[in-house]
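Subject: Structure for your review

Dear colleague,

Please find below the structure that I am handing over to you. My findings follow it.

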Amino acid sequence: MGFLTDTTHLHITTWVVGIVLFLVAAFMHRDSKGRKIVHMITRLLYVLIIITGLTLFIEHSSYDAMLYGLKFLFGLLTIGMMEMVLVRGKKQKPVTLFWALFAVFLLVTLFLGFKLPIGFNFLA
């Protein structure tokens with residue numbers, strides 16, 4: 001049970017820090033050196049988020065493979081939209097659609113994550 005909580009806590013920590021750094025990078029001046037550094041750190045966190053999420057998926061997909069699979073898919077889509085916002089924003093291309101998709105995918109991912117058996121029940 002110790003590994004379960006360690007992996008879960010590591011996964012939560014990586015996606016919280018990843019989202020915070022994504023928001024920091026998204027609102028920094030597009031030509032700043034700091035934005036480039038924060039973006040690279042955010043990319044490293046994407047990898048850690050995917051690795052810890054994949055670990056949790058492999059460990060727990062036997063409970064409800066479809067919902068865990070959907071959560072994994074929406075998590076990947078969320079990361080994809082984060083990257084699209086940062087890359088297209090740097091190139092001064094429109095990002096409104098990607099911000100909207102990021103918000104939708106993030107909410108779906110969070111809903112599924114909290115709804116699944118190893119999630120957190122707010123109403124209990």
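Predicted model: local features only at pLDDT ≥ 70, side-chain atom pairs only at ≥ 80, totals over all residues.

A residue is called buried when its relative accessible area is under 20%, exposed when that area is over 50%, and partly exposed in between.

Overall fold

The chain holds four helices and zero strands, and its pattern along the sequence reads α-α-α-α. Its radius of gyration is 15 Å, close to the 14 Å that the globule rule gives for 124 residues, so the chain is as compact as a globular protein of that length. The C-alpha trace spans about 45 × 25 × 25 Å along its principal axes. Of the 124 residues, 33% count as buried. Among contacts between residues at least 6 apart in sequence, 70% join residues at least 24 apart.

Packing of H2 and H3

Two packed helices are described by the angle between their axes and the distance between the axes. For helix H2 (residues 33-60) and helix H3 (residues 65-90), the angle is about 175 degrees and the axes are 10 Å apart. An angle over 145 degrees counts as roughly antiparallel, and H2 and H3 are therefore roughly antiparallel to each other. The residues of their contact comprise 14 nonpolar, five polar and four charged.

Helix H2 also contains Ile51. With a relative accessible area of 48%, Ile51 is partly exposed.

Aromatic pairs

A search of the whole structure finds six aromatic pairs. In the pair of Phe22 and Trp99, the ring centres are 5.3 Å apart and the planes stand at 45 degrees, so this pair is tilted. Phe22 lies in helix H1 (residues 2-27) and Trp99 in helix H4 (residues 96-115), so the pair ties together parts that are 77 residues apart in sequence.

How does the relative accessible area class Phe22, as buried or exposed? Phe22 has a relative accessible area of 0%, and is therefore buried. Trp99, at 25%, is partly exposed. Ring pairs also link Phe22 and Trp99 with Phe27 and Phe102 into a cluster.

Yours sincerely

Terms used
Residues numbered from 1 in each chain as written. Heavy atoms only, no water. Axes fitted to C-alpha atoms, helices over the stretch in contact; angles between N-to-C directions. Helix = DSSP H or I, 4+ residues; strand = E, 2+ residues; numbered from the N terminus. Parallel < 35°, antiparallel > 145°, perpendicular 65-115°, else oblique. Nonpolar A, V, L, I, M, F, W, Y, C, P; charged D, E, K, R; others polar. Phe/Tyr/Trp six-rings, centres within 6.5 Å; stacked < 30°, edge-to-face > 60°. Buried < 20%, exposed > 50% of the residue type's maximum accessible area, 1.4 Å probe, protein only. Rg over C-alpha atoms; globule rule 2.2 N^0.38 Å. Contact = heavy atoms within 4.5 Å.
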